[in-house]
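Have the structure open as you read.

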Amino acid sequence: MYIFDALYTPRGAARKGGALSGVAPADLLAGTIDSMLTRAPEAAPAGVFAGCVTQSAEQGGHIARTAALLSGLPEHTAALTLNNFCCSGLDAIWTAALHGSAQNSLQLAGGVESMSRVAPFSDGGPYYSDPKMMQRTGFVPLWFAADFVATLEGISREEADAYAARSQARAQARTPASVIPVETPHGRVTSNETPRVGVTAESLAGMEPMAEKLGPMIADKAFLAAYPDAGPVNHIHTFGNAPALADAASMLLVGDLAAGEAAGLRPKARIVSYATVADDKLLSLTGGLKAAREVLDKAGMSASDIDLFEFNEAYAAVCIQFMRHLDIDLDRMNTGGGAIALGHPMGATGGILLATLLECLEREGKSTGMVVISGASGLGSAMIIERLS
């Protein structure tokens, strides 16, 4: 299974008046499809696979099929929309690659999320909106889960803020190569809106913890019941060391090697191994670490064999935990910044991270990389790729 090309839109801030807030999500996704068709006119992809988390309102009604019909694809092109929380985009790409391999074909895969137009949780799913269901399933708000990880790992507010400031600095220093411009009612958008200039650990230190701002802290009781020796919960996460919300879309061309060569394409990377898992629902955001270990086992590799990691920055403490447990140094982790600075457009994130990883591997002359995403309720997905060109 191979990756032939990867692209994504700039990330717009998920707010009224954000850079991409004037573009409907189906149009945003259709634009990435058309850009890929322009770059690979002979590809003739057999299907479109799109991750999208909040599938309601403008993102409801099978957005992959809607975007395919809005694009230049033939009407008979198959489509699939997938929701596995934050892992959705990466899982869509893996699913498309499997289809391409089985059918000796090429497939389009990525995702979209317009969080300015379709707010997270606005689909009213009972897992996070029905009090009885929340109690039965053990739902935990993500910022609480991140604080639980920080408490168990002994991660301080200072460490979390230092990590977040570093993400902002790295994002400022990098110029993405795979970003495609987006035409909006207010003009062309060519760069990410989300990074903030001049952020330091000191400037982040005065921000109020999310748990105090968004409370109540009823989730702490469940954590202390499960981990009675952990001590008081250390609520360290703020809007400054949490992932920014964003609008974006991503698209990759994946599938069978012979099909790609017949279309005159050279593969950029080979998919080495993949894993999708579920982990502790209370800690919620540790699924990525479990998925990384599983994908390494499947590949017969260790973390030291991976040149670069793109780990979705689902709160600073989760990133620090990931590096600690796999013994990863900062020179191999999110070298161009991450979601804390750049934003996390949930369904689009998997494709963005893969495209970013390919860019970073090429820029640094490295060959092997891993994309890892932790999703709500303990979900996690990870993919290892080998750069070929």
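1. The sulfur of C360 is too far for a bond, because the closest cysteine sulfur, in C319, is 15 Å away. A disulfide here means a pair of cysteine sulfur atoms within 2.5 Å. C360 also counts as buried, at 1% relative accessibility (buried is under 20% relative accessible area, exposed over 50%, partly exposed in between, with a 1.4 Å probe and protein chains only).

2. Before going on, a word on the source: this is a predicted model, where local features need pLDDT of at least 70, side-chain atom pairs count only at pLDDT 80 or more, and totals for chains, interfaces and linings use all residues. Residues are numbered from 1 along each chain as its sequence is written, and side-chain values use heavy atoms, with hydrogens and water left out.

3. How many disulfides does a search of the whole structure find? It comes back with 0. C52 is in none, and its nearest cysteine sulfur, that of C86, sits 12 Å away. C52 is buried too, at 0% relative accessibility.

4. Now for R157, which lies in helix α7, residues 157–173 (a helix is a DSSP run of H or I, at least four residues, numbered from the N terminus). R157 is buried, at a relative accessible area of 16%.

5. What does the R157 side chain reach at 2.9 Å? The backbone oxygen of L204. A polar atom of the R157 side chain also lies 2.9 Å from the backbone oxygen of M207.

6. Setting aside neighbours within four places in sequence, R157 is in contact with residues including A205, G206, P209, I236, T238 and N241 (contact means heavy atoms within 4.5 Å).

Methods. Helix = DSSP H or I, 4+ residues; strand = E, 2+ residues; numbered from the N terminus. Polar contact = N/O pair within 3.5 Å; in protein donor to acceptor, adjacent residues only side chain to side chain.
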